[in-house]
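Please walk through this model with the viewer open.

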Amino acid sequence: MASVIEAAIVTGAAQGIGKSIATSLLKQGYKIFIFDLDSNLGPATEKDLCQKFGETKATFIKCDVTDKEQFIGAFNEAVKTCGHISVMVNNAGIADEYNFEKCIAVNLIGVIQGCNLAMDHMRKDKGGKGGTIVNVASMAAIDAHFILPTYCATKSGVLNFTKAWAKNPKCEEYGLTFLCLCPGFVDTEMVRTGGPHCLNPQIFEVAKSSGLLKLETIEDAFLKLMNDKQNGSVLEVSKFRIEYLKQTSVMQVNNDKETS
């Protein structure tokens, strides 16, 4: 369980997967900063979570992850409020095959920006206290789907960006842990109304045939990821399983490089 002074940022946390992750963190004792673009839904989510977990436990800060200066400002505001961010969850994402530049900007560039901000703040060699960075990718990063090629590409980028940083031999020195959550189709507003933005307008029907996840499952999976907290771990979450992606260990990669 987190102490009362520990704080976490979750991007895209006004609804859906992000709100479920924020809820999971609140149950673990963290104070939450809700970073989201929706200035109507964001305050409503803050109010809802504060009613459930305590008056000052959740704070909404408007943030567009594609706007670098706004992202920096929001991050600094959170730090000014609590002093230290111990968990950064880069969750904000969209599916839009007809505006692929925006899809890439939100899903991939926004994640990289969030990671860079968190690392600069957390790194022990820069005066920080260490921390955990969780990037939300997708099962689409592992098993691509033809109706969402750009989305799949961005989530593959998120997955491999996370794995690459986790393989950095200085992670322990920096005090950083990198984790990746890969959910399948989840019963969210994005899936229910995303048809016009996909190559197949019947995405919700496709999702239902694949097995829709409940948001409560995301809460449980995120809790498992945080409790296990193995640097570089990738947790697959589908209707049929919650298990870690089998991969070459970080130690083995380093040893192979040293002996090659």
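What follows takes the helix pairs, then some individual positions, then the cysteines.

This is a predicted model, in which local features need pLDDT of at least 70, side-chain atom pairs count only at pLDDT 80 or more, and totals for chains, interfaces and linings use all residues. Residues are numbered from 1 along each chain as its sequence is written, and side-chain values use heavy atoms, with hydrogens and water left out.

Start with the helices. Helices (H or I, at least four residues) and strands (E, at least two) are DSSP runs, numbered from the N terminus. Helix H1 covers residues 16-27 and helix H2 covers residues 41-53. Their axes come within 11 Å and cross at roughly 25 degrees. Axes here are lines fitted to C-alpha atoms, for helices over the stretch in contact, and angles run from 0 to 180 degrees between N-to-C directions. H1 and H2 are therefore roughly parallel to each other. The classes are these: angles under 35 degrees count as roughly parallel, over 145 as roughly antiparallel, 65 to 115 as roughly perpendicular, and the rest as oblique. The crossing of H1 and H2 is right-handed.

From H1, Lys 19, Ala 22, Thr 23, Leu 26 and Lys 27 meet Thr 45, Asp 48, Leu 49 and Phe 53 of H2. Contact means heavy atoms within 4.5 Å. By class, the contact of H1 with H2 holds four nonpolar, two polar and three charged residues. Ala, Val, Leu, Ile, Met, Phe, Trp, Tyr, Cys and Pro count as nonpolar, Asp, Glu, Lys and Arg as charged, and the others, Gly among them, as polar.

H1 also packs against H9. Here the axes come within 8 Å and cross at roughly 50 degrees. H1 and H9 are therefore oblique to each other. This crossing of H1 and H9 is right-handed too. On the H1 side, the contact includes Gly 16, Ile 17, Ser 20 and Ile 21. On the H9 side, Leu 215, Ile 218, Phe 222 and Met 226 are among the partners. The contact of H1 with H9 divides into eight nonpolar, four polar and two charged residues.

Helix H3 (residues 68-82) and helix H4 (residues 100-122) pack at about 35 degrees, with axes 11 Å apart. H3 passes H4 in a right-handed crossing. Phe 71, Ile 72 and Phe 75 are among the H3 residues in the contact, and H4 contributes residues including Gly 110, Gly 114 and Leu 117. The tally for H3 with H4 is six nonpolar, four polar and one charged.

Next, some single positions. Val 158 lies in helix H5 (residues 149-166). Is Val 158 buried or exposed? Val 158 counts as buried, at 0% relative accessibility. Buried means under 20% relative accessible area, exposed over 50%, and partly exposed in between (1.4 Å probe, protein chains only). Leaving aside neighbours within four places in sequence, Val 158 touches Asn 107, Leu 108, Val 111, Asn 135, Val 136 and Ala 137.

Glu 243 sits in strand S8 (residues 242-244). Glu 243 is partly exposed, at 33% relative accessibility. Not counting residues up to four places away in sequence, Glu 243 touches Val 234, Leu 235 and Glu 236.

Move to the loops. Lys 229 lies between helix H9 (215-228) and strand S7 (234-237). Most residues other than glycine have a negative phi. Lys 229 has a positive phi of about 45 degrees although it is not a glycine. Pro 201 is in the loop between helix H7 (189-193) and helix H8 (203-210). Pro 201 counts as exposed, at 54% relative accessibility.

Finish with the cysteines. How many disulfides are there? The count is zero, with a disulfide taken as a pair of cysteine sulfur atoms within 2.5 Å. For Cys 82, the nearest cysteine sulfur is that of Cys 50, 14 Å away. Cys 82 is partly exposed, with a relative accessible area of 25%. The sulfur of Cys 180 is 4.0 Å from the closest cysteine sulfur, in Cys 182, which is too far for a bond. Cys 180 is buried, at 0% relative accessibility.

Methods
A crossing is left-handed if the near helix is turned anticlockwise from the far one by less than a right angle, and right-handed if clockwise.
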